[in-house]
Every structure is written in structure tokens, then in C-alpha cells.
Amino acid sequence: MCKICVFAGTTEGRELVEFLVSQPVSVTACVATEYGQTLLEPAENLTVSAARLSEAEMVSLFRREHFQIVVDATHPYAPIVTENIARACAETGTEYIRLLRKDTPTPEDSVFVPDVSGAVAYLNTTEGNILLTTGSKELASYAALHRFADRVYARVLPMEESMLLCQQAALPPSHIIAMQGPFSEEMNVATLKSVSAKYMVTKESGIKGGFDQKIAAARKAGARLVVIGRPPQRQGMDYGETVGLLCSRFGFFRRPRVSIVGIGPGSREAMTGEVLSAIDRADCILGAKRMLSAIAAPGKSVIDAISPQAISEFIHTHPQYRSFAVAMSGDVGFFSGTKKLLPLLADCQVSILPGLSSLVYLCARLGCSYEDVVPVSLHGRAHNILSDIAAHRRIFVLVGGENGMGTLCQQLTLAGFGDVKISAGQNLSYQNETITVGTARELSSRFFDSLCVALIENPGANAVVTHGLPDTAFQRGAGAEGIVPMTKSEVRSVCLSKLRLTDSSICWDVGAGTGSVAIEMALQAKHGQIYAIEKKEAAVELLKENCSRFGTDHVTLIPGLAPEACKDLPAPTHVFIGGSSGNMREIISLLLSKNPHVRIVATAIALESVAELTNCLTAFPFTETEVISMTVARSRKAGSYNLMNGQNPIYIFTMQAGGTEA
């Protein structure tokens, strides 16, 4: 087992120790105080040295333990300790790595000084209370300040040594704030206000040292930030590069921490505090470029990635990052990529943080409830929204693509839904947010942003849910080829019952004629896909007209003769055969090759067709078959009487392959 020593005087150092103790390695962590020891969780492969070591003591430790690597993760403001570690490594021939804390740019509205003397010199030219956040070791240097005991408040570690140094500097007890960090922006603001500080003195301690929180707090509290610059640093690498090197050298495996966060409509103001905190803590943020520009702080590592595969691959191939935040638009459970991403992150430590969905946001802006709203998405996916609008009074839709909303309004108008009410929200939560209300017809000529959602309200929605529409609901045509054949209402109703369709069935209607069966299939299988196969040109034109009339945009017309025209179609779950042109055996053979569990319903009037279907019952491996003969009589007026006119008898064959329904 290899042996590694970490001088863990910083947050990065402690996090490195936490990572190493999860690996097959013996770790020695050197901290300066017993208090520092309490910040490290005990582990079987961890030894802690809690004392300030001289250079000679370091040499002795390195020779005794034979470390492969010594990582110097001491504070950037402790240059003497760094030099001692480096010289001890050079004397013992031990590999030395300097773990550097990343710089954070000093804001322009702060005062930069090179050292403590420079801070004292500047502060002596000012009036007002001062909050020192630089620790207790150099407190004596500030005693030279004019009215030191009245103006200065010091935030120090709650340790006996710190209290002693405060006492030696003659700092009054009421001016001592003994607290252990890290400190949030809110805590810093509260502290500044509690002591009425006009100045806040800090070291450039980087993100991990809470420097960003101090900058924000000083601005919010109206205090001037005085920043003491870092001493010259040895050449080194940051935390991520250090971990990457150790993983490469020793084959360590790191289980990444990943937060999948719903960022709501997009602006930071619309995000939850939990989500913002996860984003701020992450070393690397992944997501679409639009989202990254809104959420990432300056200096954060950001990766423009959208597909779950690309996100997963990046996370697994970049061990230098301790934690990731994956930004998902809206809510993580509302038409989100989270569903596809999660299985790819099974070996990671994943937390899922919900956000505000655009449905909730838009309805709040409109001042309406959403418990009866049916949500659908047209963003990057096909969906039969016309059937939904016909069936439901209120639909929420996510719209994608350039002017997707305008295109949808045009589609609705052409399909007979021009009077439905549209409330379209563009760029929700951003400064250029707009909500436009009108009918689909009124909005069809408008241009909409690609970042658009809508609430569609159809008060007249009352779609028939039972099959067997009246024959008069369909156009039949009458040209040179005569009236296009159609499966009549009563027969159609029985055939659809025998098919036992589901909401997402993949259906073929072979010999579709006017499309009456295909359209009723579509009305039943709202989220499925229907293929209407028809060889006659006149019938194909009628099919188009009837599909448009019923708004069944998930019916695909296939001109041609079965089975040749069907060879490239997706495998069906349910098939209706209303006409085979003498190719029944070949059609059924193709169906079974596509799906061994397909369910078939076929009709026959001519005795020759009945014989052909009867032969198929035994020629193919069906495990369920049924044949019924059906005769329908309809009333007609004859003077003052109503007489019944009998229709041609029809045979309905039901065939189920494979023993189970699709």
C-alpha cells in the first residue's frame, strides 16, 4: 500500500484527505493544532499529526514513513511553512506537490494592499469601525491603528490560543467574535451590521476561503473591502489537477458528486435557494449554453453539454472536479433529460433538486390553477396535440424551435381549432418576459421566440371516447372511380373492440379506403402511431381530407399495395385488414415477421376472401382465433312505415399470435 502525506491546513487539504481515505492508501495528515484534528473524520487508514512541525521534524517524519508523495495544502498566506516542507522533501528525496488555491480577482470597488502594514497604513487614514477577518496571529500588528480598541472588531477561531492573542493585543472582549467558518454571505452581512463596520479586512482567500461571500456581503452592508494580497507562491497545481494526478499515478477511483438541478424558467430570481447553493458549491457546471450564461459565476468551470451521454462521459472522464451541477431547464421531473441521465450516473453520488416548472410559473402569472391542465411537450419530440385539444379543456404545451408557437397556431387554425384561447409565455422570468393572449387564429400570424410555452383552453372540448362514429362524419367522394369503400359504423365498432387498442398502439390499417378505421384507431390510440395503407389515388386524397377534418396528425398515409408498401414500416402492435387485393397470406406473413405477438382483425364479404382467411387460421401459428358472422339491418322510410333493410353479411376474423397481447 502506498503512503501519502498531506499538510492539510486548508479546506482543500481536508477535502483531499477525505478523498484519499476512501482509496487503498495510507494517509498521514499534518495539521497545526488539535482543533484542526477535530475537523478530520477518523478513518482506519488515516494518521493525524496535530502539531506545528519544524523543518527538522519534517525531515525526520519523511525518512521514517517513506512517503511516495507529500502534498503541501497549507494556506497561501503561510509561505514559511511551505518553504520548510519543500526543503524537507528535497533533503529526503520525497516527491513534493504544491496544492494551490485558485486566485479570485479583487473587485475594483475594494482597496488592495500588499501586506498587513499596508492595511494598517490605509486604515489609519479612515474613520469608522473595522471588522478584521484575517485571524488572530497578526492581530498585534493592527494595535498600531488609531483608536484600535474602539474601532476594531476581530473574528477569530474559538480557541484558547486565539483568545490569548486578542488579550495580548488589548482588544476588549466585546470586540472579539469567536466563530468557526465557513461563513455565508448572510452571516457576513449580519456580522458587519452588528458592529456597524465601515471596513472589512480580508485576505484574498479564494472561493474555498469564502472570499466571494465577503465581497458580496461588504457591498450589501455598505462596507469597503480591504484586501491583503497573497505572498509570492511556489509553482503548483489546483485541487482538481492534484486529484487527477493521484488518480492517474495510483489508479484511484473517485465517485463523483453530482447535483441534477432544476433551474426553473431560467433567471436566478426564479431558482430555489437549494438549487443556487448547489450551483455555487459545484466545481463544474454542465448544461445548455443559454442556461450556463444565466447561472454560472465568473471563474466557474462550465461545459456546454446537452445530451445525457455527453454529460455522463464528461463527468466520468474528469476526476479533477470534486462536484458537478447539471442544469436542467424547468423542473427535473417535467419533460426533463433527468430520466435518461440518471441510469448513466449509477456509480455517482447523485442528488436531485427540483425547480419551478414553466407550467407552474405561467399559471401563476395568469392567476389560474393548474390541477386540471394536461401537460404535453412538442420540444424535440412528436406528439399528437390535436387529439389532446379535442379531448381536454386545458392543455399546457412546451414549444420548441424557431417560431414553434406561431407554427402551432397555424396548425390549430387549419385543423378547425382556430377559436381556442392561447396564453403564450415567452422568455418567462427574464427581463424581456412577455405573455400574449388571443385565439389561435389571431396569433397565427405572430412571430414567437423559441423559448416559449402556452396554455391552450378549449371550452368546447368534448371528444367522443367510444368508437363507431356515424358514417356521415367521413367524406367518401364520387369520381371516375366511384365512391371509395368504407367500413361501416357498426362493423367498424365491432372490429375496433376486437382489436383491443391501447393508448400507445402502433397500428396498421391495410386497405384503408376513406380512412374511417385508421381515424378511429387514432382517436383511441392518442399517443400511438397509425399507418394507413391504400393503393387507390382517389382514396389517398380522401384519407388526407378526413385526417385533417379529425385533427389526427399522427396518421401517416402510405400510398401503395400491401405487403410491398409496408416493408419499411415500424413493427405494428395491432392491424386491421379491410382489403388485401388477394395478398392476404403474404400480408400476414409480413406482419408475423415484424411482430410475433401482433393482433390482427380482418373482414371479408366475398366467399373467396372468407376461404383465404380461413386457410390462414391454420397456416400460421396463431394461439387465439375467432370468426364471427355479422348481419346489420337499418331502418328506412316507406310511406308511413319504417322498414328494415338488411346489409350484406360480413365475416370478422380475429387472430392473436404468440399467445399474449401486444
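**Figure 1. Helix α3 meets helix α4.** Glu55, Met58, Val59, Phe62 and Arg63 of α3 touch Val81, Asn84, Ile85, Arg87, Ala88, Cys89, Glu91 and Thr92 of α4. By class, this contact has seven nonpolar, two polar and four charged residues. The model shown here and in the other views is predicted. Helix α3 covers residues 55–65, and helix α4 covers residues 79–92. The crossing of the two helices, α3 and α4, is right-handed. An α-helix has 3.6 residues a turn, so residues three or four places apart point the same way.

**Figure 2. Phenylalanine 7 and its surroundings.** Phenylalanine 7 sits in strand β1. Its relative accessible area is 5%, so phenylalanine 7 is buried. Leaving aside residues up to four places away in sequence, phenylalanine 7 touches Cys30, Leu53, Met58, Phe62, Val70, Val71, Asp72, Ala73, Thr74 and Ile85. Among these neighbours, Met58 and Phe62 belong to the α3 side of the contact in Figure 1, and Ile85 to the α4 side. Phe7 also forms one aromatic cluster with Phe62 and Phe67. For scale along the chain, cysteine 166 is 159 residues from phenylalanine 7, and the C-alpha atoms of these two residues are separated by 27 Å.

**Figure 3. An edge-to-face pair, phenylalanine 62 and phenylalanine 67.** The structure holds eleven aromatic pairs. In one of them, the ring centres of phenylalanine 62 and phenylalanine 67 are 6.2 Å apart. The planes of these rings stand at 75°, so the pair is edge-to-face. Phenylalanine 62 is buried, at 2% relative accessible area. Phenylalanine 67 is buried as well, at 6%.

**Figure 4. A stacked pair, phenylalanine 250 and phenylalanine 252.** A pair of aromatic rings is described by the distance of the centres and the angle of the planes. For phenylalanine 250 and phenylalanine 252, the centre-to-centre distance is 5.4 Å and the planes are 25° apart, a stacked pair. Are the two residues buried or exposed? Phenylalanine 250 is partly exposed, at 25% relative accessibility. Phenylalanine 252 is buried, with a relative accessible area of 7%.

**Figure 5. Helix α1 and its cover.** Helix α1 spans residues 11–20 and is mostly covered. Seven of its ten residues are buried. They are Glu12, Gly13, Glu15, Leu16, Val17, Phe19 and Leu20. Which elements cover the buried residues of α1? The cover includes strands β1 (2–7), β2 (25–31), β3 (46–50) and β4 (69–72). It also includes helix α11 (239–250).

**Figure 6. Two cis peptide bonds.** Most residues other than glycine have a negative phi, and most peptide bonds are trans. Glycine 181 and proline 182 are joined by a cis bond, with omega about 5°. Proline 182 falls in the loop between β9 (176–178) and α9 (185–194). Another cis bond links alanine 562 to proline 563, with omega about 10°. Proline 563 is in the loop between β24 (555–559) and β25 (574–577).

Figure 7. Asparagine 427 is not a glycine, yet its phi is positive, about 50°. The loop between β19 (421–426) and β20 (434–439) holds asparagine 427. With 10% relative accessibility, asparagine 427 counts as buried. Serine 581, also a residue other than glycine, has a positive phi near 55°. Serine 581 lies in the loop between β25 and α23 (584–594). At 43% relative accessibility, serine 581 counts as partly exposed.

**Figure 8. Helix α23 packs on helix α24.** Helix α24 runs over residues 607–619. The axes of α23 and α24 are 10 Å apart, at an angle of about 35°. The crossing of α23 and α24 is right-handed. From α23, Met584, Arg585 and Ile588 take part in the contact. They meet Glu612, Leu613, Asn615, Cys616 and Ala619 in α24. By class, the residues of this contact divide into five nonpolar, one polar and two charged.

Terms used
Residues are numbered from 1 along each chain as its sequence is written. This is a predicted model: local features need pLDDT of at least 70, side-chain atom pairs count only at pLDDT 80 or more; totals for chains, interfaces and linings use all residues. Side-chain values use heavy atoms; hydrogens and water are left out. Axes are lines fitted to C-alpha atoms, for helices over the stretch in contact, and angles run from 0 to 180 degrees between N-to-C directions. Helices (H or I, at least four residues) and strands (E, at least two) are DSSP runs, numbered from the N terminus. A crossing is left-handed if the near helix is turned anticlockwise from the far one by less than a right angle, and right-handed if clockwise. Contact means heavy atoms within 4.5 Å. Ala, Val, Leu, Ile, Met, Phe, Trp, Tyr, Cys and Pro count as nonpolar, Asp, Glu, Lys and Arg as charged, and the others, Gly among them, as polar. Buried means under 20% relative accessible area, exposed over 50%, partly exposed in between (1.4 Å probe, protein chains only). Rings of Phe, Tyr and Trp (its six-membered ring) pair if their centres lie within 6.5 Å; planes under 30 degrees apart count as stacked, over 60 as edge-to-face and the rest as tilted.
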